Amino acid sequence: MPKAAKSLFDPKTFLAKVGEGKAILTFDKNQIVFAQGDVADTVFYIQKGRIKVLVVSEQGKEAVVGILETGQFFGEGCLNGHPLRISTTTALEECLITSIAKDAMLMALKNEPKFSELFMAYLLSRNSRIEEDLIDQLFNSSEKRLARLLLLLANFGKEGTPQPITAHVSQETLAEMIGTTRSRVSFFMNKFRKLGFITYNGTIEVHSSLLNAVLYDKPEIKRDE
């Protein structure tokens, strides 16, 4: 009987329900989930919505370092011994989030292989993205970095059809994420629209022509500043 019960374990169902050490939370747009410097004792999983991750330097300068989407974890640094949060996470839109206490998370990872596989897949994907972001910053122009970011936000390369980018992702946020100014982002966005790579209609629609321009290094998108 225990073996049959364990084989029926569904990690997505586990994450969607309240249980020991778990809670289901809702956050309104612009509401902070946790702030830089808060005690780190919980892991979070996004059931619905998007989360912005930003860091603040000692001089008070803010930088957006990521946008997290449905199906992603965050706050997992507490599992690696981080006593305090090293970033601030804010809801870009209304979000439904599962919070999992550190002890409950460690217990699930130890006892449920399917859950461990799901979490490991997330960690590998995140590490790959970090490496790609570093290469992007080192070798690509801000124009090409913006093109790549738009493709990522629109979910190009993932299962299903590409999705519109909501208006909650402002040009200021895009500029912070690629390390340039808002005016440069505005210039590139207008250029992409004129070339037919994107359209505006309350949201940003990203077309496959932008992907082709990036993949095949077409001259419409410059490699150097």
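A salt bridge here is a side-chain nitrogen of Lys or Arg within 4 Å of a carboxyl oxygen of Asp or Glu. This is a predicted model, in which local features need pLDDT of at least 70 and side-chain atom pairs count only at pLDDT 80 or more, while totals for chains, interfaces and linings use all residues. Residues are numbered from 1 along each chain as its sequence is written, and side-chain values use heavy atoms, with hydrogens and water left out.

## Salt bridges

The side chains of Glu69 and Arg50 form a salt bridge, at 3.4 Å from N to O. Glu69 sits in the loop between β5 and β6, and Arg50 in the loop between β3 and β4 (51–56). The two residues are 19 residues apart, so the pair links distant parts of the chain. Helices (H or I, at least four residues) and strands (E, at least two) are DSSP runs, numbered from the N terminus.

The whole structure holds eight salt bridges. Side chains of opposite charge can pair when their charged atoms come close.

## Two domains

An automatic or database domain assignment sets the bounds. Domain 1 covers 11–134 and domain 2 covers 140–216. Their C-alpha centres are 25 Å apart. Each domain brings 13 residues to the contact, meaning heavy atoms within 4.5 Å.

Domain 1 and domain 2 bury about 1,200 Å² between them, with 49% of it on carbon and sulfur atoms. Buried area is the accessible area (1.4 Å probe) that two parts lose on being put together, summed over both. Arg50, Val64 and Ile67 supply 40% of the area that domain 1 buries against domain 2, more than any other three residues.

## Across the interface

Two salt bridges are counted between domain 1 and domain 2. Glu132 and Arg148 meet through their side chains in a salt bridge of 3.3 Å, N to O.

On the side of domain 1 that touches domain 2, β5 (62–68) and α4 (113–139) each supply at least two residues. β5 gives the most, with four residues. That side divides into four nonpolar, one polar and eight charged residues. Nonpolar covers Ala, Val, Leu, Ile, Met, Phe, Trp, Tyr, Cys and Pro; charged covers Asp, Glu, Lys and Arg; the others, Gly among them, are polar.

## The sheet

Four strands form an open sheet in the order β1-β8-β3-β6, with antiparallel pairing. Strands pair if DSSP finds at least two bridges between them. β1 (22–27) and β6 (73–74) stand at the edges with a single partner strand each, so one side of each has no neighbour in the sheet.

Strands β3 (residues 42–48) and β8 (residues 95–101) run antiparallel, joined by six bridges. Ile46 stands opposite Ile97 in β8.
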